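Hi everyone, thanks for coming. Please take a moment with the chain on the screen, and then I will walk you through it.

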Amino acid sequence: MNRTQHAAATTAALSVTAERPSFRKSSNGPIFLHEALRTMRETGAIAPSSRHLADGLAAPLPAAGERHGPVRVLEVGAGTGTVTRALAGRLGAGDRLEAVEINPRFVRILDGALRSDPVLSAAAKCIRIVPESITELPLEERNYDVIVSCLPFTNFEPDLVRSLLERYLTALVPGGHLTYFGYLGTLASRNLIGSRAEAARHRAVAGVLAEFSARYGDGGGRRVVWRNLPPARVSHLRAPERCSPLADTNTDTPDTGR
């Protein structure tokens, strides 16, 4: 694959978010269904994300009254705003949330929700929708207190997953928080119905995720959200207090539960 083809494949992969929209507003249902059917292989979803999963991803961001000073938050793959809404409910005056979403239809829904959704509209002055691919978006080093990634890592190539995790950790302030999730049972399903190459790619991605979890996990930083269809595992990493997060990474046994 040449550079042009690789760039096109990367952009196509990142145009899909793992976060699924809430169907509380019926007008979003047909749009989501159309987008899911159009990109079924990339999304790999069978149901919208629950509010329980959204709350789990937003958990590292304390409510405004439980912390000192403003924070800056980055959400990658905002979809139609399920996780964005959970984050918005924790924002206070002076906080900033940048919600990155490349899908134009989802961007339009997010823009409308900033005016019509009670939780999002209340925090609208603190939220900026960024209609770009995260691979094309410049990220300042040590700039964010919390990053929430809703991208479907297990659908990507392992090199892309490693690159994204490295960028996230570099963009976090020392001790900053990164959360992401993956559905349970995806490796087993690919072993059963996928090709050998697809199963090998998935195992390689699991190895990258296990490596970063071993190095940057904080002990109790993983939990399963059972009240989601399918159940999902939320993972929590922290940026080092000092030194670059890109140095001396250690390879660990792949996490076969993802």
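Let me start with a term: a nonpolar core is a set of buried Ala, Val, Leu, Ile, Met, Phe, Trp, Tyr and Cys residues joined through side-chain atoms within 4.5 Å. Buried means under 20% relative accessible area, exposed means over 50%, and partly exposed is in between, with a 1.4 Å probe and protein chains only.

Two notes on where the values come from. This is a predicted model, in which local features need pLDDT of at least 70 and side-chain atom pairs count only at pLDDT 80 or more, while totals for chains, interfaces and linings use all residues. Residues are numbered from 1 along each chain as its sequence is written, and side-chain values use heavy atoms, with hydrogens and water left out.

Now the overview. The chain has 258 residues, and buried residues make up 53% of them. Its secondary structure comes to 10 helices and seven strands; these are DSSP runs numbered from the N terminus, with helices being H or I of at least four residues and strands E of at least two. Taking contact as heavy atoms within 4.5 Å, 80% of the contacts between residues at least 6 apart in sequence join residues at least 24 apart.

Which residues touch the most other members of the largest nonpolar core? They are Leu57, Leu87, Ile127 and Phe181, out of 32 residues in that core. Elements giving two or more residues to this core include α4 (51-58), α5 (82-88), β2 (96-100) and β5 (172-183). Apart from it lies another core, of 29 residues, among them Leu137, Leu151, Tyr168 and Phe212. As background, nonpolar side chains in soluble globular proteins tend to be buried together.

Let's zoom in on Leu87. Beyond its neighbours within four places in sequence, Leu87 contacts Ala58, Leu61, Val73, Glu75, Leu97 and Val148. Val73 sits in strand β1 (residues 72-76), and it counts as buried because its relative accessibility is 0%. With the neighbours within four places again set aside, the contacts of Val73 include Leu61, Leu87, Tyr144 and Val146.

Next, a pair of helices. How are α8 and α10 packed? Helix α8 (residues 158-171) and helix α10 (residues 196-216) meet at an angle of about 20°, with their axes 8 Å apart. The axes are lines fitted to C-alpha atoms, over the stretch in contact for helices, and angles run from 0 to 180 degrees between N-to-C directions. The two helices are therefore roughly parallel to each other; that label covers angles under 35 degrees, with over 145 being roughly antiparallel, 65 to 115 roughly perpendicular and the rest oblique.

On the α8 side, the residues that meet α10 include Val161, Leu165 and Leu169, and their partners in α10 include Val208, Leu209 and Phe212. Leu165 counts as buried, at 0% relative accessibility. Setting aside neighbours within four places in sequence, Leu165 contacts Phe153, Leu178, Tyr180, Val208, Leu209 and Phe212.

One last stop: is Arg142 buried or partly exposed? Arg142 lies in the loop between β3 and β4, and at 34% relative accessibility it counts as partly exposed. Arg142 also has a positive phi of about 50° although it is not a glycine. Most residues other than glycine have a negative phi.
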